[in-house]
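Work through the exercises below with the sequence and the 3D structure open beside you. Each task is followed by a solution that goes step by step.

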Amino acid sequence: MISIEEAISAVKSNTEQAKEISVETTNSLGYTTSENIYSSINMPPFQQSAMDGYAIHFEENINEYQIIGEIQAGQDPTSIKLKTGEGVRIFTGAAIPKGCSSVIQQEWCVLNSKKISFTRKIKNELNIRLIGEQLKIKDLVLSKGSEICPATIGLLTGIGIAKVKVFSKPRIGILITGNELISVKEQLSPGKIFESNSHLLKNALLKYGYESISIYKAKDTFKETKHIAEKAINENDVLLISGGISVGDYDFVFDALKEIGVETIFYKVKQKPGKPLFFGKINEKAIFGLPGNPGSALTCFYIYVLRHLSVFSKTSFPLNFIKVKSKDNYYKKEGRGEFLKAKIENGNATLCDFQNSSMLKAFVDGNSLVYLSENTTEIKKGDVLNAYLLL
Ligand code: AMP
Ligand code: MG
């Protein structure tokens with residue numbers, strides 16, 4: 001059995017490389033750029049008014065300007081040329097006409113029979129956005145390896161970039177095992193429980209921007225487990241298997257993966273919850289055998305699966321690892337690390353009830369996973385703890 005730290009670094013070092021793909025800029029949120037992106041236009045592309053007001057041909061000793069027309073945003077200004085003593089009504093974003101050297105905001109202007117005068121001292125070069133003041137043609141907009149956020153999408157579409165080259169995200173299969181499982185839409189019957197891990201894992205993936213998800217189901221037989229696992233591996237880059245990885249007589253995942261030819265990177269980790277975690281690979285594809293207990297499956301998702309997916313897609317690991325103060329006392333066994341669900345408020349962590357690995361309620365009540373190392377045996381109120389914020 002290996003330690004949590006060894007397992008995390010094995011997951012990281014056994015992650016294949018994403019491919020470079022081209023995606024619509026409008027659908028690129030959360031991807032990482034695979035090349036430098038340069039601007040092909042000036043931004044703004046023409047001189048613009050930064051205010052609603054009057055565009056004038058400013059001259060030092062003129063205090064009154066004749067308003068000879070109007071330019072709205074979107075309007076072609078080329079028919080207008082301002083001469084001495086002239087101005088036009090203008091609006092924010094509208095193109096500055098020839099001969100204009102200053103825009104005076106309307107709050108400073110008094111209009112009287114098509115002439116404007118001013119309530120303040122005005123000057124030249126006011127309120128004009130210059131061509132290329134944000135970006136010039138050939139300027140670097142984003143360097144390779146940048147994560148695309150909403151502002152990036154606004155900036156790129158704003159300079160007319162409709163497609164971007166990014167590192168792909170993996171296609172992810174979720175294989176659910178367990179004869180006891182029925183759909184949430186069915187009626188409970190003796191011995192059965194509602195299947196929840198497919199929904200749990202799928203939505204955990206969606207939350208972090210992984211949208212290519214296929215769900216598979218297999219009964220607890222060696223034959224079916226092997227057959228469906230093989231199909232799911234063929235159709236995806238990463239496979240998450242739920243359940244069947246423990247030591248019970250009907251846990252066939254390990255043997256099935258072995259027979260398919262999956263190389264074991266590790267099997268079993270010195271941790272609570274999630275001890276039976278399996279990680280392997282075949283043909284550059286990663287396979288996680290997650291324990292079926294929902295609390296364990298979700299813990300392993302956050303600590304290992306999410307790490308793998310981030311390395312694959314070259315995005316940053318989305319969970320912040322922060323220091324918090326314990327509000328509780330807690331005792332644990334030496335020799336295995338523990339992840340405890342906790343509620344962090346104002347830098348203080350309160351351990352949740354219902355920590356059992358079969359339960360999800362503590363995840364719902366809390367907002368973090370406190371990490372206790374193998375060697376830790378007790379924590380006391382006021383101790384500083386390390387925790388992953390699950391946001
Ligand atoms: P296993 O890892 O297959 O031994 O399952 C461990 C526990 O998790 C058992 O109580 C299962 O019934 C439960 N379990 C397994 N898979 C799921 C699932 N997809 N949804 C809800 N509970 C599950
Ligand atoms: Mg099972």
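Helices (H or I, at least four residues) and strands (E, at least two) are DSSP runs, numbered from the N terminus. This is a predicted model, in which local features need pLDDT of at least 70 and side-chain atom pairs count only at pLDDT 80 or more, while totals for chains, interfaces and linings use all residues. Residues are numbered from 1 along each chain as its sequence is written, and side-chain values use heavy atoms, with hydrogens and water left out.

**Exercise 1.** Find where Asn236 lies and decide whether Asn236 is buried or exposed.

Solution. Begin with the chain: Asn236 belongs to the loop between helix H4 (222-235) and strand E17 (238-242). Next, take the cut-offs, where buried means under 20% relative accessible area, exposed over 50%, and partly exposed in between (1.4 Å probe, protein chains only). Because its relative accessible area is 2%, Asn236 counts as buried. Finally, look at its surroundings: a polar atom of the Asn236 side chain lies 2.8 Å from the backbone oxygen of Ala232. Contact means heavy atoms within 4.5 Å, and, leaving aside neighbours within four places in sequence, Asn236 is in contact with residues including Arg171, Ser214 and Lys285.

**Exercise 2.** Work out which residues of H4 are buried and why they line one face of the helix.

Solution. Then list the buried residues, which are Thr225, Ile228, Ala229, Ala232 and Ile233. Seen down the axis of H4, these buried residues fall within an arc of 140° (taken from the directions from the helix axis to the C-beta atoms), so they line one face. On the other side of H4, Lys223, His227 and Asn234 are exposed. The cover over the buried residues of H4 includes strand E13 (172-177), helix H5 (253-260) and strand E21 (285-290).

**Exercise 3.** In what order do the six strands of the open sheet lie, and which are the edge strands?

Solution. Two strands pair if DSSP finds at least two bridges between them. The order is E7-E4-E6-E5-E9-E8, with mixed pairing. Strand E7 (102-105) and strand E8 (109-112) are the edge strands, each pairing on one side only. Within this sheet, two bridges join E5 (residues 65-71) to E9 (residues 115-118), and these strands run antiparallel; Gln66 stands opposite Lys115 in E9.

Key: Chains are lettered from A and ligands numbered from 1 in the order in which they are written. A polar contact is a pair of N or O atoms within 3.5 Å; within protein, one must be able to donate a hydrogen and the other to accept it, and residues adjacent in sequence count only if both atoms are side-chain atoms.
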